[in-house]
Amino acid sequence: MRIGGHFHTDDPLADAVACGAGAAQFFLGDPQGWKGPVIPGDDPAAIREAYSAADIDIYIHAPYVINVATANNRIRIPSRKLLEQQLTAAASIGAKGLIVHGGHVTAGADPASGVENWVKAVERIGRPLPLLIENTAGGTGAMAKSIESIARLWDAVAGAAEGGGEIGFCLDTCHANSAGIDLADAVDRVKAITGRIDLVHCNNSRDEFGSGADRHANFSGGAGGPGKQSNAGTIDQAVLLDVVRSAGAPVICETPEAGLADDINWLQARLAG
């Protein structure tokens, strides 16, 4: 099982090596902007070779601004374009998958319209590597917040994706907890819908169950120092560990930087062997 982190620096490979991670997730550009992806050094082959030599898998997170579900043409159409660009760029550097949030429809809009827009995106966008849809924490009209909304979206996109490139699922523990999904059986319930979990974002939450808030927290003590076992969030450590074990998928910790290495090492120690 590969365990790694999301790194926000200019050299995620060095950061991953420094903390003994087996995977590195990062952005290809501004996560809040509409500009196309930027490949470090403008040399995809060099990136592929460097990560392969270090035996570290790459995952790319798409920009947060992407929302292919919305009826707003000024957002939906650029979202499709940017998503396709991100997929192409991520594939060129040998990434294992591109993670994108499920998005949302505007207040009062029928969620079915968002599902329809997702289907159109899946049908029209080339996918040279797995596109991993991530569940979200809250928001009105969210397409992948509750178990029910995940099922509605997945049933539609899975059918549209047949023969056109892989669609997968990324389970975020903080998002699920904040959305009111009980983590005790979340893996079983998601797998009953999707048949798969391709990646786990193992994050604690600063907020209570069902809060709808997306504020990640460390779970191994973080900045508390080596050996600390305190829990910086509201989700019990044992619950997070059970989710990771049950999912049986690679893991990316998107926790605060001060304790990120501790979180990665904490999981590695408990999942060794």
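1. Strands β5 (residues 131-134) and β6 (residues 167-172) run parallel and are joined by four bridges. Within this pairing, Ile133 has Phe169 of β6 as its bridge partner. Two strands count as paired if DSSP finds at least two bridges between them; helices (H or I, at least four residues) and strands (E, at least two) are DSSP runs, numbered from the N terminus.

2. A word on provenance: this is a predicted model, in which local features need pLDDT of at least 70 and side-chain atom pairs count only at pLDDT 80 or more, while totals for chains, interfaces and linings use all residues. Residues are numbered from 1 along each chain as its sequence is written, and side-chain values use heavy atoms, with hydrogens and water left out.

3. Strand β5 also pairs with β4 (residues 97-101), again in the parallel sense and over four bridges. Here Ile133 of β5 stands opposite Val100. In β5, Leu131 and Ile133 point one way, Leu132 and Glu134 point the other way, and all are buried (under 20% relative accessible area; exposed is over 50%, partly exposed in between, with a 1.4 Å probe and protein chains only). In a regular strand the side chains alternate between the two faces of the sheet.

4. Helix α4 (residues 111-124) has 14 residues and reaches 20 Å from its first C-alpha to its last, close to the 20 Å expected at 1.5 Å a residue; the expected span is 1.5 Å times one less than the number of residues.

5. What is buried in α4? Gly114, Val115, Asn117, Trp118, Val119, Ala121 and Val122 are. These buried residues pack against α3, β4, β5, α5 and β6, where contact means heavy atoms within 4.5 Å. At the start of α4, a side-chain oxygen of Asp110 comes to within 2.9 Å of the backbone nitrogen of Ala112.

6. Helix α3 (residues 73-92) deserves a look too. Its 20 residues should span 28 Å at 1.5 Å a residue, and the end C-alpha atoms are 29 Å apart, which agrees. A side-chain oxygen of Asn72 reaches to within 2.9 Å of the backbone nitrogen of Arg74 at the start of α3, and just after the helix Gly94 takes a positive phi of about 80 degrees. Buried residues of α3, including Arg76, Arg80 and Gln86, belong to a set that packs against β3, β4, α4 and β5.

7. Stepping back, which strands form the closed barrel? Eight strands do, in the order β1-β2-β3-β4-β5-β6-β7-β10, with parallel pairing. The twist averages 25 degrees from one strand to the next (axes are lines fitted to C-alpha atoms, for helices over the stretch in contact, and angles run from 0 to 180 degrees between N-to-C directions).

8. Ile3 has Val251 as its bridge partner in β10. Helix α9 (residues 260-271) lies across β1 and β10, running at about 165 degrees to β1.

Definitions and conventions: Polar contact = N/O pair within 3.5 Å; in protein donor to acceptor, adjacent residues only side chain to side chain.
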